[in-house]
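I opened the model and kept notes as I went. The entries below follow the order in which I looked things up.

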Amino acid sequence: MAKDLKYSTLLDIYGGMLTDKQREMIELYYNDDLSLSEIADNCGISRQGVRDAIKRGEESLDELEEKVGVTRIMKEYSEKLDFVAASCDEIIHDCKTYTTTKSVIEKLERIKSVINS
């Protein structure tokens, strides 16, 4: 079972929506980096029981993300902030090299359009 570390992030966001067992198994597997066998030994259950709890938890986390979309919203927000920062750098460069006001206005209008989208 290959580890998809997105579940560590999803657990931080939606962990309270999982069963206690699912949350514990996913925390041990992704956050504490324990193997299925180590978790099974620590919790006194079978390796298959651990795997099943993790799979059900992953499915629940995927479903919650699909419905709510917090990580998608965070990614879009981050991309917009990156664009704004890069645009600010361009404007600062333009102002330092004494470019025309039209160039600065065009860049500011682009920033506004991204923020409003």
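Which are the buried residues of helix α3 (residues 36-43)? I found Leu-36, Ile-39 and Ala-40. Buried here means under 20% relative accessible area, exposed over 50%, and partly exposed in between, with a 1.4 Å probe and protein chains only. Helices are DSSP runs of H or I with at least four residues, strands are runs of E with at least two, and both are numbered from the N terminus.

Before going on I noted the ground rules. This is a predicted model, in which local features need pLDDT of at least 70 and side-chain atom pairs count only at pLDDT 80 or more, while totals for chains, interfaces and linings use all residues. Residues are numbered from 1 along each chain as its sequence is written, and side-chain values use heavy atoms, with hydrogens and water left out.

**Entry: helix α3**

I returned to the buried residues of α3, which are Leu-36, Ile-39 and Ala-40. Viewed down the axis of α3, these buried residues fall within an arc of 100°, so they line one face of the helix. The arc is taken from the directions that run from the helix axis to the C-beta atoms. I then checked the other side of α3, where Asp-41 and Asn-42 are exposed. The cover over the buried residues of α3 includes α2 and α4. Just after α3, I noted that Gly-44 has a positive phi of about 70°.

I also looked at the loop between α2 and α3, where Asp-33 lies. Phi of Asp-33 is near 60°, a positive value in a residue other than glycine. Asp-33 is exposed, at 54% relative accessible area.

**Entry: salt bridges**

How many salt bridges does a search of the whole structure find? The search gives 7. The criterion is a side-chain nitrogen of Lys or Arg within 4 Å of a carboxyl oxygen of Asp or Glu. Side chains of opposite charge can pair when their charged atoms come close. I wrote up three of the pairs.

In the pair of Arg-23 and Asp-20, the closest N and O atoms are 2.5 Å apart. Both residues sit in helix α2 (residues 20-31), 3 residues apart, and so about one helical turn separates them. Arg-23 is partly exposed at 22% relative accessibility, whereas Asp-20 is exposed at 58%.

Lys-55 and Glu-58 form a salt bridge at 3.4 Å, N to O. These two are 3 residues apart in helix α4 (residues 47-68), which means about one helical turn lies between them. I found Lys-55 partly exposed at 28% and Glu-58 buried at 6%.

Also in α4, Glu-63 and Lys-67 are 4 residues apart, again about one helical turn. Their closest N and O atoms are 3.1 Å apart in a salt bridge. Glu-63 is partly exposed at 45%, and Lys-67 is exposed at 65%.

**Entry: α5 against α6**

Two packed helices are described by the angle between their axes and the distance between the axes. At what angle do the axes of α5 and α6 cross? The axes of helix α5 (residues 70-96) and α6 cross at roughly 170° and come within 10 Å. I took axes as lines fitted to C-alpha atoms, for helices over the stretch in contact, with angles from 0 to 180 degrees between N-to-C directions. The two helices are therefore roughly antiparallel to each other. On this scale, angles under 35 degrees count as roughly parallel, over 145 as roughly antiparallel, 65 to 115 as roughly perpendicular and the rest as oblique.

The residues of this contact divide into 10 nonpolar, 2 polar and 5 charged. Ala, Val, Leu, Ile, Met, Phe, Trp, Tyr, Cys and Pro count as nonpolar, Asp, Glu, Lys and Arg as charged, and the others, Gly among them, as polar. On the α5 side I listed residues including Phe-83, Val-84, Cys-88 and Ile-91, and on the α6 side residues including Val-104, Leu-108, Ile-111 and Val-114. Contact means heavy atoms within 4.5 Å.

One α6 residue I followed up was Lys-107, in the helix that spans residues 101-116. Lys-107 is buried, at 14% relative accessibility. Not counting residues up to four places away in sequence, Lys-107 touches Glu-90, Ile-91 and Asp-94.

**Entry: Ile-13**

Last, I looked up Ile-13, which is in helix α1 (residues 6-14). Ile-13 is partly exposed at 31% relative accessibility. Leaving out residues up to four places away in sequence, Ile-13 touches Val-70, Thr-71 and Met-74. The C-alpha atoms of Ile-13 and Asn-42 are separated by 25 Å, with the two residues 29 apart along the chain.
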